[in-house]
Amino acid sequence: MGALDGIRVLDVSQVLAGPFSAQLMADNGADVIRVESTDGDLCRGFPPERGGMSTAFLVANRGKRGIALNLKTAEGRAILHRLAAKADIMVQNFMPARAKGFGTDYETIRALNPEIIHVTVSGYGSEGPLKDKAGLDMMVNAFTGIMSMTGEPDRLPVRAGTPAIDMGTGLTAYGAAMTALVARQNGKGGQAVTVSLMETALNLLA
């Protein structure tokens, strides 16, 4: 038996950080339902890839059930909301305007399920001038200066060899969700959890 047996997770995130956090929940016994767009997760095409299954995709999505939904349609959003109404945790990483349009934002989901733990993974945080900007590991690697410290003297900066910011953010999201789950079990109800690649990178700079 896993520590999270009986916990249902709705993973509506893409690429690596969000899916990795939900995979850690699956590894510990949670029932994770992976929601992909009808076009498939961008991560499926990352090399090395074969038949729509990349190594990166498999690394972050084992142990999950899956469904493809078109969240641009009312029918797709209705199915998502039925799933969210029965979930304990939801992980999503759409930018604010798209999240609202797709009905994955905290306000919409909380109205359906006040006890849910809603995890949002973003590039640059939920506040400030960059909150509406997309962020990927390599972009934040450069933006925060980590790339400038990698490589050889008097040569151009070099991207870190592993997606440490993505994976670190996934670990942070997992830990934050577990903390929120304990708080809910102690009678504090559901809540919104927000983590970002930039905050992870700044912590790594320590």
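Modeller: In this predicted model, 6 strands make up an open sheet with the order 5-2-1-6-7-8 and parallel pairing. Helices (H or I, at least four residues) and strands (E, at least two) are DSSP runs numbered from the N terminus, and two strands pair if DSSP finds at least two bridges between them. Strand 5 (65–68) and strand 8 (191–196) are the edge strands, each of which pairs on one side only. From one strand to the next the twist averages 20°; axes are lines fitted to C-alpha atoms, for helices over the stretch in contact, and angles run from 0 to 180 degrees between N-to-C directions.

Residues are numbered from 1 along each chain as its sequence is written. Local features need pLDDT of at least 70 and side-chain atom pairs count only at pLDDT 80 or more, while totals for chains, interfaces and linings use all residues; side-chain values use heavy atoms, with hydrogens and water left out.

Val121 stands opposite Val195 of strand 8. Helix 1 (residues 17–27) packs on the sheet, where it touches strand 1 (8–12), strand 2 (31–36), strand 6 (89–92) and strand 7. The direction of helix 1 makes about 160° with that of strand 1. Contact here means heavy atoms within 4.5 Å. Helix 7 (residues 164–188) lies across strand 6, strand 7 and strand 8, and runs at about 165° to strand 8.

The largest nonpolar core has 34 residues, and Val9, Met25, Ile89, Val119 and Met178 have the most contacts inside it. A nonpolar core is a set of buried Ala, Val, Leu, Ile, Met, Phe, Trp, Tyr and Cys residues joined through side-chain atoms within 4.5 Å. Buried means under 20% relative accessible area, exposed over 50%, and partly exposed in between (1.4 Å probe, protein chains only). Two or more residues of this core come from each of helix 1, strand 6, strand 7, helix 7, strand 8 and helix 8 (197–204). Helix 7 gives the largest share, 7 residues. Leaving aside neighbours within four places in sequence, Val9 is in contact with residues including Ala22, Met25, Ile33, Ile89 and Val91. Another core, of 15 residues, lies apart from the largest one and has Val12, Leu69, Ala84 and Ala99 among its members.

Helix 3 (residues 74–84) has Gly76, Leu80, His81 and Ala84 as its buried residues. Seen down the axis of helix 3, these fall within an arc of 135° (taken from the directions from the axis to the C-beta atoms), so they line one face of the helix. Strand 1, strand 2, helix 4 (96–102) and helix 5 (106–112) are among the elements covering them. On the face turned away from the buried side, helix 3 carries the exposed residues Ala74, Glu75 and Arg82.

Back at strand 8, the loop that joins helix 7 to this strand holds Gly190. Gly190 is buried, at a relative accessible area of 18%. Not counting residues up to four places away in sequence, Gly190 touches Tyr106, Pro114, Glu115, Ile116 and Arg184.
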